[in-house]
Amino acid sequence: ERIFNMVFRMCGRRADAEELAQETFLKALERINQFRGHSQFYTWLFRIAANMTISHRRRDQRVRFQSLDGPDEFERDRADAMTAAAARKKSQSPDAGAMAAETSRKVMDALEQIDDEFRIVVVLCDMEGMDYSQIADVLGLPIGTVKSRLHRARCELREKLADLIRP
């Protein structure tokens with residue numbers, strides 16, 4: 001579930017996320033003998049998923065297909081349902097739920113606009129709750145680079161979401 005959530009937040013399409021999550025586990029199974037135990041198993045698994053997702057996004061940017069019917073209705077409904085469920089947990093007010101859904105949509109749109117190298121650190125830190133050392137292990141980066149990318153990503157997001165930030 002955590003692998004799927006991370007991949008879904010990175011690629012934004014349920015079908016792609018399901019496929020990439022499944023491919024992650026298949027690749028891990030094929031290469032289990034390469035796991036040396038230098039990191040935790042789930043960190044190794046997240047690294048495989050992150051690399052596959054980033055590669056998928058790069059391929060997808062080169063060849064992009066657009067549905068003539070607009071966004072996939074199932075994916076839009078699923079995203080709206082997840083947002084509504086989160087809003088219900090916090091507040092029963094319809095206005096609050098609508099505002100939460102709109103805010104979530106704006107955040108996801110802004111996240112989609114930043115580079116993959118920044119998006120992945122935000123997803124792993126702020127959405128998956130990983131600490132800097134875990135993110136560094138997953139991405140194969142020094143902790144300083146993780147901190148730098150996270151700072152730059154948050155600055156970009158703050159700029160893109162300026163209308164949501166109240167003075």
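**Values and their labels**

Visitor: Why is Y42 called partly exposed?

Guide: Its relative accessible area is 25%. Buried means under 20% relative accessible area, exposed means over 50%, and partly exposed covers the range in between (1.4 Å probe, protein chains only). The value for Y42 therefore falls in the middle class. This is a predicted model, in which local features need pLDDT of at least 70 and side-chain atom pairs count only at pLDDT 80 or more, while totals for chains, interfaces and linings use all residues. Residues are numbered from 1 along each chain as its sequence is written, and side-chain values use heavy atoms, with hydrogens and water left out.

Visitor: What makes F46 count as buried?

Guide: F46 has a relative accessibility of 2%, so it counts as buried.

Visitor: Which class does Q40 belong to, and where is its place?

Guide: Q40 is partly exposed, since its relative accessible area is 48%. Its place is in the loop between α2 and α3. Helices (H or I, at least four residues) and strands (E, at least two) are DSSP runs, numbered from the N terminus. Leaving aside neighbours within four places in sequence, Q40 is in contact with F35 and Q134, where contact means heavy atoms within 4.5 Å. The C-alpha atoms of Q40 and Q134 are separated by 8.8 Å, although these residues are 94 residues apart along the chain.

Visitor: How many helices and strands does the protein chain have?

Guide: The secondary structure comes to 8 helices and 0 strands. Buried residues make up 33% of the 167 residues in the chain.

Visitor: How do you know that T24 is buried?

Guide: The relative accessibility of T24 is 0%, and it therefore counts as buried. T24 is found in helix α2. Not counting residues up to four places away in sequence, T24 touches I3, L45, I48, A49 and M52.

Visitor: Why is α1 described as mostly covered?

Guide: Of the 10 residues of α1, 7 are buried. They are I3, F4, M6, V7, F8, M10 and C11. After α1 comes G12, whose phi is positive, near 80 degrees.

Visitor: How many aromatic pairs does the structure hold?

Guide: There are 5 aromatic pairs. Among them are F4 and F8, whose ring centres lie 5.8 Å apart with planes at 10 degrees, so the pair is stacked. The rule is that rings of Phe, Tyr and Trp (its six-membered ring) pair if their centres lie within 6.5 Å; planes under 30 degrees apart count as stacked, over 60 as edge-to-face and the rest as tilted. Both residues lie in helix α1, 4 residues apart, about one turn of the helix. F4 is buried at a relative accessible area of 15%, and F8 counts as buried at 11%.

Visitor: What makes the pair of Y42 and F46 edge-to-face?

Guide: The ring centres of Y42 and F46 are 6.0 Å apart and their planes stand at 85 degrees, so the pair is edge-to-face. Being 4 residues apart in helix α3, Y42 and F46 are separated by about one helical turn.

Visitor: At what angle do α6 and α8 pack?

Guide: The angle is about 95 degrees, and the axes are 8 Å apart. That makes α6 roughly perpendicular to α8. Angles under 35 degrees count as roughly parallel, over 145 as roughly antiparallel, 65 to 115 as roughly perpendicular and the rest as oblique. Axes are lines fitted to C-alpha atoms, for helices over the stretch in contact, and angles run from 0 to 180 degrees between N-to-C directions. On the α6 side, the residues making the contact include F118, V121 and V122; on the α8 side, they include L150, A153 and L157.

Visitor: Which residues touch the most other members of the largest nonpolar core?

Guide: They are M6, V7, I120, L124, I135 and L139, out of the 39 residues in that core. The largest share, 8 residues, comes from α3. A nonpolar core is a set of buried Ala, Val, Leu, Ile, Met, Phe, Trp, Tyr and Cys residues joined through side-chain atoms within 4.5 Å. In soluble globular proteins, nonpolar side chains tend to be buried together.

Visitor: What is I135 in contact with, leaving aside its neighbours within four places in sequence?

Guide: I135 is in contact with V121, L124, C125, M130 and V146. Just after α7, G140 takes a positive phi of about 65 degrees.
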